[in-house]
Amino acid sequence: METSNQHSLSTIRKSRRRDSLKNTALGLVSTSSFPAIVGTADMMLKSAGVHLVGYEKIGSGQCTAIVRGGIADVRLAVEAGVQTAEQFGQLVSSLVIPRPYPNLEIVLPINSRLSKLMEEGNQSSLSNLAIGLVETRGFPAMVGACDAMLKAADVHLAAYEKIGAGLCTAIIRGTVANVAVAVEAGMFEAERIGELNAVMVIPRPLDEMENTLPLASCWIEHREPLNMPVNVEEQVAEIEVLQLPDLSQIPAKFAEEVNEEIWKDE
């Protein structure tokens, strides 16, 4: 009975979500860089009352941010996103679809993503940390940039993203000041090793931004001490040398038996 009630409640909630999304619009802005699309999505969220559904990566470095909300809000958000992407010089295209047809939503994973975000909530343990992104063309340049950023400031490497065309993005987290210093160090190192494509610093990301960004499965809070191998010579020096027992300290009869055994062996 309880299971049936839960199923009915879930069905009611889903139908309410569908009804609430009937008079909404779909907004899409596409860029040719992952840091640019993250910065664009951040501006879209902060400029209007929209929800960030997620990102769609189609290869060749192209990424699309998908937002959902009221028609007026989506138009305003897309306009702000286009302006932001143009400032980065990374705009590819944009689109606003008022009241998208249900068949479109079934084929595209739009409603399912939005429903999942609503069910999971928007709380994040990383919400107080700034986001830094450094995108390079080539994996070695990104790895070198990661190493330089981690050594330059107190930041954590959260994840990295690949979007095709040889473009890789390192994502770091930390305070605004530390992220800014680290990103600058990563830029110089990436240019030294290979090609730097784009950078981005987001001081105060919103909760929906947190939920759509890739994060490392293991978040290292404290550095573990490095266990160096022990010197073999030190190990040998610490081994106690096996010594024969002092025969003067044992009973005479037992000492005679031991001496006889030794003569027999010889």
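Predicted model: local features only at pLDDT ≥ 70, side-chain atom pairs only at ≥ 80, totals over all residues.

Trainee: OK, and where does T169 lie?

Mentor: T169 is part of strand β7, which covers residues 167-174.

Trainee: Is T169 buried or exposed?

Mentor: T169 counts as buried, because its relative accessibility is 1% and the cut-off for buried is under 20%.

Trainee: Which residues does T169 touch?

Mentor: Leaving out residues up to four places away in sequence, T169 touches F34, P35, L133, V134, E135, M142, A159, Y160 and E161.

Trainee: Let me pick A159 from that list. How far apart in space are T169 and A159?

Mentor: From C-alpha to C-alpha they are 8.5 Å apart, and in sequence T169 and A159 are ten residues apart.

Trainee: Now the sheet. What order do the strands have?

Mentor: The order is β6-β7-β5-β8, an open sheet of four strands with antiparallel pairing.

Trainee: Which strands stand at the edges?

Mentor: Those are β6 (156-162) and β8 (195-202). Each has a single partner strand, so one side of each is left without a neighbour in the sheet.

Trainee: And what does the twist average?

Mentor: From one strand to the next, the twist averages 20 degrees.

Trainee: How many bridges join β6 to β7?

Mentor: Six, and the two strands run antiparallel. Look for L157 too: I172 in β7 stands opposite this residue.

Trainee: What about helices, which ones lie across the sheet strands?

Mentor: Helix α2 (residues 34-47) lies across β5 (130-137), β6, β7 and β8, and runs at about 20 degrees to β8. Helix α6 (residues 139-152) also lies across β5, β6, β7 and β8, but α6 runs at about 15 degrees to β7.

Trainee: Switching to α6 and α7, how do their axes cross?

Mentor: They cross at roughly 145 degrees and come within 7 Å, with α7 being residues 176-193. The crossing of α6 and α7 is right-handed.

Trainee: Which residues in α6 meet α7?

Mentor: On the α6 side you have P140, A141, G144, A145, A148, M149 and A152. They meet residues in α7 including V181, A185, G186, E189 and I193.

Trainee: What classes of residue are in that contact?

Mentor: The contact of α6 with α7 has twelve nonpolar residues, two polar and one charged.

Technical notes. Residues numbered from 1 in each chain as written. Heavy atoms only, no water. Buried < 20%, exposed > 50% of the residue type's maximum accessible area, 1.4 Å probe, protein only. Contact = heavy atoms within 4.5 Å. Pairing = 2+ DSSP bridges. Axes fitted to C-alpha atoms, helices over the stretch in contact; angles between N-to-C directions. Left-handed = near helix turned anticlockwise from the far one by under 90°. Nonpolar A, V, L, I, M, F, W, Y, C, P; charged D, E, K, R; others polar.
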